[in-house]
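Here's a quick walk through this fold, going from the whole chain down to single residues. Keep the viewer open as you read.

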Amino acid sequence: MPTDNLSESNLVLSYLTLRRIVGFIGIGLPFALAVGKILLGEPGLQSSISGYYYTNVRNILVGGLCAIGVFMLSYRGYEKRDRWSGNFACIFAIGVALFPVAPDPSPSQLDTIIGRFHLAFATAMFLTLAYFCLALFTKTHSPKTMTKKKKERNIVYRVCGWMILACIALIIACELLFLNDYSMFKDSPIKQLDQVFWLESIAILAFGFSWLTKGEFILADEG
């Protein structure tokens, strides 16, 4: 095999590997947090993924988010918007890690301000990840690349992207209807279901699944 072809093949392999690593981190993070906390002697679920910052698995949460950020920074697509999207996703992911959610109960004024930054970074991160799924991953640069497997992968990307957006919308609805101290439903038993944790976990799993698909760990082209 010519040297140029060998280098190109190695580059493609490295990109696929990078995408798979991002996908595995995304899929593994909710399980590592929930199971790790229990195994380390703290039973029960947190009300949100972000809430694990105040448990004995804080380092897993921060490390996982920072790892995702670094890998997103390394992402290089075909156009400038791919690179800019990766750069923004990196900033948002690391912002989520470095600006923790406000502790509950009785956060200080500083905690509340930092928590607002956390929510802004988290929302921006999930919106960027949905953008990857719906706008970037579904692109094709020539009719020859629109294989049967590529069409199937595009379906996966769109499903994952819309799942992330749906989870964001539902989290906002839950915050307004059940988790806000001024809500008429603030005493609803639904608050005990940890709905934000489950919705965030679904969004993160959708993100991870889309990147595994992008890395052709799932629905890879033949040959």
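Of the 223 residues in the protein chain, 39% are buried. Keep in mind that this is a predicted model. The chain has six helices and zero strands, so read from the N terminus the order of elements is simply α-α-α-α-α-α. Among contacts in the protein chain with a separation of 6 or more, 67% are between residues 24 or more positions apart.

**Helix pairs**

Two helix pairs are worth a look. Start with α2 and helix α3 (residues 80-98): their axes come within 7 Å and cross at roughly 165 degrees. That angle is over 145, so α2 is roughly antiparallel to α3. The crossing of α2 past α3 is left-handed. On the α2 side, the residues that meet α3 are Val-62, Leu-65, Cys-66, Gly-69, Met-72 and Leu-73. On the α3 side you'll find Gly-86, Asn-87, Ala-89, Cys-90, Ala-93, Ile-94, Val-96 and Ala-97. Sorted by class, the contact of α2 with α3 comes to 11 nonpolar, three polar and no charged residues.

Now turn to helix α4 (residues 109-136) and helix α6 (residues 195-214), whose axes come within 10 Å and cross at roughly 35 degrees. Here too the crossing, α4 past α6, is left-handed. From α4, the contact uses Phe-126, Leu-129, Phe-132 and Cys-133. From α6, it uses Glu-200, Ala-203, Ile-204, Phe-207, Ser-210 and Trp-211. The class count for the contact of α4 with α6 is eight nonpolar, one polar and one charged residues.

**Two residues with partners further along the chain**

Val-57 sits in the loop between α1 (3-39) and α2 (58-74). Is Val-57 buried or exposed? With a relative accessibility of 1%, Val-57 counts as buried, because the cut-off for buried is under 20%. Setting aside neighbours within four places in sequence, Val-57 is in contact with Leu-33, Gly-36, Lys-37, Leu-40 and Tyr-52. Take Lys-37 from that list: its C-alpha atom is 5.8 Å from that of Val-57, though the two residues are 20 apart along the chain.

Ser-85 belongs to helix α3. Ser-85 is buried as well, at a relative accessible area of 9%. Which residues does Ser-85 contact, leaving aside its neighbours within four places in sequence? They are Thr-128, Tyr-131, Phe-132 and Leu-136.

**Cysteines**

How many disulfides does the structure hold? The count is zero. For Cys-160, the nearest cysteine sulfur is that of Cys-133, 5.5 Å away. A disulfide needs the sulfur atoms within 2.5 Å, so Cys-160 is in no disulfide. Cys-133 also turned up above, on the α4 side of the contact with α6. Cys-160 is buried, at 3% relative accessible area, and Cys-174 is buried too, at 11%.

| Residue | Relative accessible area |
|---|---|
| Val-57 | 1% |
| Ser-85 | 9% |
| Cys-160 | 3% |
| Cys-174 | 11% |

Methods. Residues numbered from 1 in each chain as written. Predicted model: local features only at pLDDT ≥ 70, side-chain atom pairs only at ≥ 80, totals over all residues. Heavy atoms only, no water. Buried < 20%, exposed > 50% of the residue type's maximum accessible area, 1.4 Å probe, protein only. Helix = DSSP H or I, 4+ residues; strand = E, 2+ residues; numbered from the N terminus. Contact = heavy atoms within 4.5 Å. Axes fitted to C-alpha atoms, helices over the stretch in contact; angles between N-to-C directions. Parallel < 35°, antiparallel > 145°, perpendicular 65-115°, else oblique. Left-handed = near helix turned anticlockwise from the far one by under 90°. Nonpolar A, V, L, I, M, F, W, Y, C, P; charged D, E, K, R; others polar.
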